[in-house]
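Please keep the sequence and the model in view while reading.

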Amino acid sequence: RRELGEADEDGFYDTVVQIRRVTKVTKGGKNLAFRAVVVVGDKDGRVGVGCAKAKEVQFAVQKAVIAGKKNAREVVLSTKARTVSHKIQHQFGGAIVMLRPAGEGTGVI
């Protein structure tokens with residue numbers, strides 16, 4: 001177990017963006033599960049987003065972190081501020097993804 005704000009063994013930090021309760025209606029009733037959306041990054045230009053479902057919140061977050069690491073991409077950072085150099089907006093499927101420059105010293109995640 002690691003403390004809040006510490007990186008894991010791969011050097012990634014994670015932030016939980018959203019936790020939702022989801023249900024699936026079956027013949028026997030309703031099945032309750034949790035969906036977690038997590039953003040992971042190494043504060044040096046690699047970021048990824050993971051989304052996963054599980055019966056418990058803890059397991060959903062763990063699965064989402066693993067999915068985010070697999071989905072990690074390299075983001076070009078400006079050399080001075082160590083953040084994205086300008087605002088980027090792109091549509092991917094039904095979502096609009098936007099990256100904005102952070103304040104001085106914030107980094108990416």
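## Salt bridges

K69 and D8 are joined through their side chains by a salt bridge of 2.3 Å, N to O. The two partners belong to distant parts of the chain, 61 residues apart: K69 is in helix α1, and D8 is in the segment before β1 (13–26). The term salt bridge means that a side-chain nitrogen of Lys or Arg lies within 4 Å of a carboxyl oxygen of Asp or Glu. Helices (H or I, at least four residues) and strands (E, at least two) are DSSP runs, numbered from the N terminus.

The model is predicted: local features need pLDDT of at least 70, side-chain atom pairs count only at pLDDT 80 or more, and totals for chains, interfaces and linings use all residues. Residues are numbered from 1 along each chain as its sequence is written, and side-chain values use heavy atoms, with hydrogens and water left out.

How many salt bridges does the rule give? The count comes to 3 salt bridges, and they are listed below.

| Side chains | Distance, N to O |
|---|---|
| K69 and D8 | 2.3 Å |
| D10 and K69 | 3.3 Å |
| E74 and R46 | 3.8 Å |

D10 and K69 meet in a salt bridge. This pair also links distant parts of the chain, with D10 in the segment before β1 and K69 in helix α1, 59 residues apart.

D8 is buried, because its relative accessible area is 13%. K69 counts as partly exposed because its relative accessibility is 21%, and D10 counts as partly exposed because its value is 48%.

E74 and R46 meet in a salt bridge. This pair, too, links distant parts of the chain: E74 is in strand β4 (residues 73–74) and R46 is in strand β3, 28 residues apart. E74 is exposed, because its relative accessible area is 55%, whereas R46 is partly exposed at 29% relative accessibility.

## The open sheet

In which order do the 4 strands of the open sheet stand? The order is β1-β2-β3-β4, and the pairing is antiparallel. β1 and β4 stand at the edges with a single partner strand each, so one side of each has no neighbour in the sheet. Two strands pair if DSSP finds at least two bridges between them. β3 and β4 pair in the antiparallel sense over 2 bridges.

V47 and G68 are 21 residues apart in sequence, and their C-alpha atoms are 8.0 Å apart in space.

## The loop residue K43

K43 lies in the loop between β2 (29–41) and β3 (46–54). Most residues other than glycine have a negative phi. K43 is not a glycine, yet it has a positive phi of about 60 degrees. K43 counts as partly exposed because its relative accessibility is 45%.

K43 also lies over the face of Y13, at 4.4 Å from the ring centre. A charge sits over a ring if NZ of Lys or CZ of Arg is within 6 Å of the ring centre and within 35 degrees of the ring normal.

## The hairpin of β5 and β6

β5 and strand β6 (residues 95–99) pair in the antiparallel sense over 5 bridges. I88 has L99 in β6 as its bridge partner. The two strands form a hairpin with 2 residues between them, and G93 in the turn has a positive phi of about 65 degrees. Of the 5 residues of strand β5 (residues 88–92), the number buried is 0, so the strand lies largely in the open.

Notes:
Buried means under 20% relative accessible area, exposed over 50%, partly exposed in between (1.4 Å probe, protein chains only).
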